Every structure is written in structure tokens, then in C-alpha cells.
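Okay, thanks for coming, everyone. Let me put the structure up on the screen.

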Amino acid sequence: MSCDDKKPLVHALADGELDVVHAREIEAHIASCTDCAGSFARIMTLKQKLSAPGLRLRAPTGLAERIMAGLPAPVADEMGFEAPRKARLGSWGRSANAWRLRAQGAFAGGLGAFALAACLAFFVMRADTGNEIARSLVDGHLRSLAGEHLFDVQSTDRHTVKPWFAGKLDITPPVPDLALKGFTLVGGRIDYVDGRAAAVVVYGRRTHVINLFVWPGTDPAPPTMELSGYLLRHWTKDGLTFWAVTDLASSELDEFEAAYQAAT
Ligand SMILES: [Zn+2]
């Protein structure tokens, strides 16, 4: 990435909109680029000035109540459906009957369009959700590698790690001993992924770490993802969702998944 490519991200960094991976990248760039460091300092100064309490206009107390009180009462048709408030505002002065006739006409066509829109929204949300989870997982993986929070319990003994989870979450993740397969159990922790608590079982191979995130539910997601140079592997089993995150090679992650699945 050239300096020009980084400039828009300097704004995003100032607004706290970057994930850990990009935030680090841009912070490192700012440390070595006086131009971008200057932009960042100017943005922060401006943000500070704009957040001064005197600049914020507050609506007078009771304004919202007065507006609501001035609106016409909800009109229900014989089916018991209430015209949405937006429609009432838009058709102010028209009779409820006219609204109902238009609504009935639009209903048949609207239903098809609604179903299509709902399907599209579902797929877009699904893709978005996958990406957000991947980002959140890689963030968690990086936080753990940065020494911020790799273990709550550190032990190579599954009889220490597994019971530690009991009572802390709704689920207790399987903690098989995979030493003979070349994966050393190193510990466990509780982490937060995309707003939900997850059990994390941590395994090591040579100097590499595999964070295995586990939470209840079996939402579909792609089996394999790659983000910022990290591999993510997803599977579900016995009502649990598993995500392994690592910088190991894909073939070694295959080995890990196979060994873990075979042992559980
Ligand atoms: Zn720069």
C-alpha cells in the first residue's frame, strides 16, 4: 500500500472504525510518515474542538412529546392493521379508505417484492455476518498473540482445562489431548466474538498458536476463510459451532481439524 492508499484509512483510524489488523498497519505507517502523522494530528484536533459541549444543540425538553401529541390517532382497518406512522404523515388529509385501497392494490405486488428483498437482505446479511465473524475471530486471535489475553487457565492437562470452563459458560467445549498428533494443549480462556461469549481452547504446534473458538448453536458459515494472512476453519458438531484460527499452513490446519474431530 502506498501513502496515498493509506490516507483514507488515517481518517478511519481517527474515527475508530478500523479493525485491529488495519489499525496496527496504519499506526505503524503514521509512526514513519510525517505527512500522515500531520493529517492524523489535525483530524484529532478538529474532532476534539467539535466535541466541545457548547457546540451541541439540544432539542428543548418536551419537543418529542409535543410532536407525538399533535399527530392524528392511529387508524386501524377492519383487518386490525394500523397504517404505519410514516404513511399517515405522507397521506395527511387523505381518508383512511383511500389509504386502504392503495394498500390493497400494492399488497399483491408488494408481497413478491418484499419476499425478493428479504431474500437478498438475508444473503447480504449472511455474507456480512461471515465477514464480521471472521474479522472478530482474527482480532481475538491477534489480541491473544499480542500477549494481551492468551490464557485464563494455562495447562497442558485436559483434566485441568476442561473443568475450568464448567459453570462459566452455557457450554463446556471438548478438550481432547492431541499431543500424539503433534498439537499441544496449552490452555483456555473466555473471549468475545461478535458480541457473544466464546470458550477458546488453545493448542500449539512448534511456535504457532491455534485458537479454537467454541460457542453454542450451529449457524451455517463457510468451512474455510482467510483474512489478513490468517486461516479460519469452521465446523459444527453436537449443537456447537467451532472456529479454529491460526497462521499455520492449510495442510496443518486440516490435520488439526481431523485430529480434533476424531478425538471428540
Ligand atoms: Zn503517509
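Predicted model: local features only at pLDDT ≥ 70, side-chain atom pairs only at ≥ 80, totals over all residues.

Helix α1 is residues 3-14 and helix α2 is residues 20-32, and they pack at an angle of about 110° with their axes 10 Å apart. An angle from 65 to 115 degrees counts as roughly perpendicular, and α1 and α2 are therefore roughly perpendicular to each other. The crossing of the two is left-handed. Who makes the contact? On the α1 side we have Lys6, Leu9, Val10 and Leu13, and on the α2 side His22, Ala23, Ile26, His29 and Ile30. By type, that contact between α1 and α2 splits into six nonpolar residues, two polar and one charged.

While we're on α1, have a look at Lys7, which also lies in that helix. Setting aside residues within four places in sequence, Lys7 is in contact with Cys36 and Ser39. And Asp35, which is 28 residues from Lys7 in sequence, is 9.3 Å from it in space, C-alpha to C-alpha.

As a general point, nonpolar side chains tend to be buried together in soluble globular proteins. Here, the largest nonpolar core has 35 residues, and the members that touch the most others are Leu137, Val201, Tyr203, Leu212, Phe213, Val214 and Ala244. Elements giving two or more residues to this core include helix α6 (96-145), helix α8 (250-263) and strands β3 (196-205) and β4 (208-216). Which element gives the largest share? That's β3, with six residues. Take Val201 as an example: not counting residues up to four places away in sequence, Val201 touches Val161, Pro173, Val175, Gly188, Leu212 and Val214.

Arg206 sits in the loop between β3 and β4, and it has a positive phi of about 50° although it isn't a glycine. Arg206 has 8 C-beta neighbours inside 10 Å, so it counts as exposed. The other one is Ser228, in the loop between β5 (224-227) and β6. Ser228 isn't a glycine either, and its phi is positive, near 50°. With 17 other C-beta atoms within 10 Å, Ser228 counts as partly exposed.

That's my tour, so over to you for questions.

Note on methods
Residues numbered from 1 in each chain as written. Axes fitted to C-alpha atoms, helices over the stretch in contact; angles between N-to-C directions. Helix = DSSP H or I, 4+ residues; strand = E, 2+ residues; numbered from the N terminus. Parallel < 35°, antiparallel > 145°, perpendicular 65-115°, else oblique. Left-handed = near helix turned anticlockwise from the far one by under 90°. Contact = placed C-beta atoms within 7 Å. Nonpolar A, V, L, I, M, F, W, Y, C, P; charged D, E, K, R; others polar. Core = buried A, V, L, I, M, F, W, Y, C linked by C-beta atoms within 7 Å. Buried ≥ 20, exposed ≤ 12 C-beta atoms within 10 Å, placed from the backbone.
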